Amino acid sequence: MFSATYSVLVIFLILGGTNGDSVNQTEGPVTVSEGALMTLNCTYQATYTTSYLFWYVQHLNKAPQLLLKSFTADKKVEHEGFQATLVKRDSSFHLQKQAVQASDSAVYYCALRDTVMEGCRGS
């Protein structure tokens, strides 16, 4: 049986303001064997209490595409075998896929949008 090894590249992207918000994720090339578990770590620091977290994927010569998004704490989101759970107490939104394939070789971006809750804004 043929077992391919390939690189999954990851970089980070920050969306939103520059009020001290930041995203830290797994950096550089990650080599994963086909069929193995892939975990890409993402932690964040946000100024406000309402944070929206995103994972984007960008395949070679393609535009980035939204893979997963979440703004609800402790709720798992899934799409095309990928999953992530926004854990606000840890400020984390780690991406996982149980059995990666060669077609998953891409650049992955963790992104943050930090907003003030509408009811908390001053007049």
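Because the model is predicted, local features need pLDDT of at least 70, and side-chain atom pairs count only at pLDDT 80 or more, while totals for chains, interfaces and linings use all residues. Residues are numbered from 1 along each chain as its sequence is written, and side-chain values use heavy atoms, with hydrogens and water left out.

The protein chain has 0 helices and 11 strands. Helices (H or I, at least four residues) and strands (E, at least two) are DSSP runs, numbered from the N terminus. Read from that end, the order of elements is β-β-β-β-β-β-β-β-β-β-β. The chain has 123 residues, and 37% of them count as buried. Here buried means under 20% relative accessible area, exposed means over 50%, and partly exposed lies in between, with a 1.4 Å probe and protein chains only.

Strand 6 pairs with strand 11 in the antiparallel sense over 9 bridges; two strands pair if DSSP finds at least two bridges between them. Within this pairing, Trp55 has Cys110 of strand 11 as its bridge partner. Strand 6 also pairs with strand 7, residues 65-70, again in the antiparallel sense, over 5 bridges. There Leu53 stands opposite Ser70. The hairpin of strand 6 and strand 7 has 6 residues between the strands, and in this hairpin Asn61 takes a positive phi near 60°.

Other strands are joined as well. Strand 2, residues 22-25, runs antiparallel to strand 5, with 4 bridges between them, and Asn24 stands opposite Thr43 of strand 5. Strand 5 has a covered face, made of Cys42 and Tyr44, and an uncovered face, made of Thr43 and Gln45. Further along, 4 bridges join strand 8 (residues 76-79) to strand 9 in an antiparallel arrangement, with Val77 opposite Ala84. The hairpin of these two strands has 2 residues between them, and Glu80 takes a positive phi near 50° there. Strand 9 pairs in turn with strand 10 (residues 95-97), antiparallel, over 3 bridges; the bridge partner of Gln83 in strand 10 is Gln96.

Which residues does the disulfide join? The structure holds 1 disulfide, defined as a pair of cysteine sulfur atoms within 2.5 Å. The disulfide joins Cys42 to Cys110, with an S to S distance of 1.8 Å. Cys42 lies in strand 5 (residues 42-45) and Cys110 in strand 11, so the pair ties together parts that are 68 residues apart in sequence. The torsion about the S-S bond is about -60°, and therefore the disulfide is left-handed. Both cysteines are buried.

Why does Cys110 count as buried? Its relative accessibility is 0%, and so Cys110 counts as buried. Cys110 belongs to strand 11, which covers residues 107-115. Cys110 and Val23 are 87 residues apart in sequence, yet their C-alpha atoms are 7.2 Å apart in space.

In soluble globular proteins, nonpolar side chains tend to be buried together. A nonpolar core is a set of buried Ala, Val, Leu, Ile, Met, Phe, Trp, Tyr and Cys residues joined through side-chain atoms within 4.5 Å. The largest such core has 23 residues, and those with the most contacts inside it are Trp55, Leu67, Leu68, Leu95 and Tyr108. Among the elements that give two or more residues to this core are strand 5, strand 6, strand 7 and strand 11. A second, separate core has 5 residues, including Phe54, Val107, Tyr109 and Ala111.

On a 1 Å grid over the protein atoms alone, a pocket is an open set of points, where a 1.4 Å probe fits, with protein on both sides within 12 Å along at least five of seven lines; lining residues have an atom within 4 Å of a point. Among the residues that line the largest pocket are Val57, His59, Leu67, Glu80, Lys97 and Tyr108. Strand 7 gives the largest share of the lining, 3 residues.
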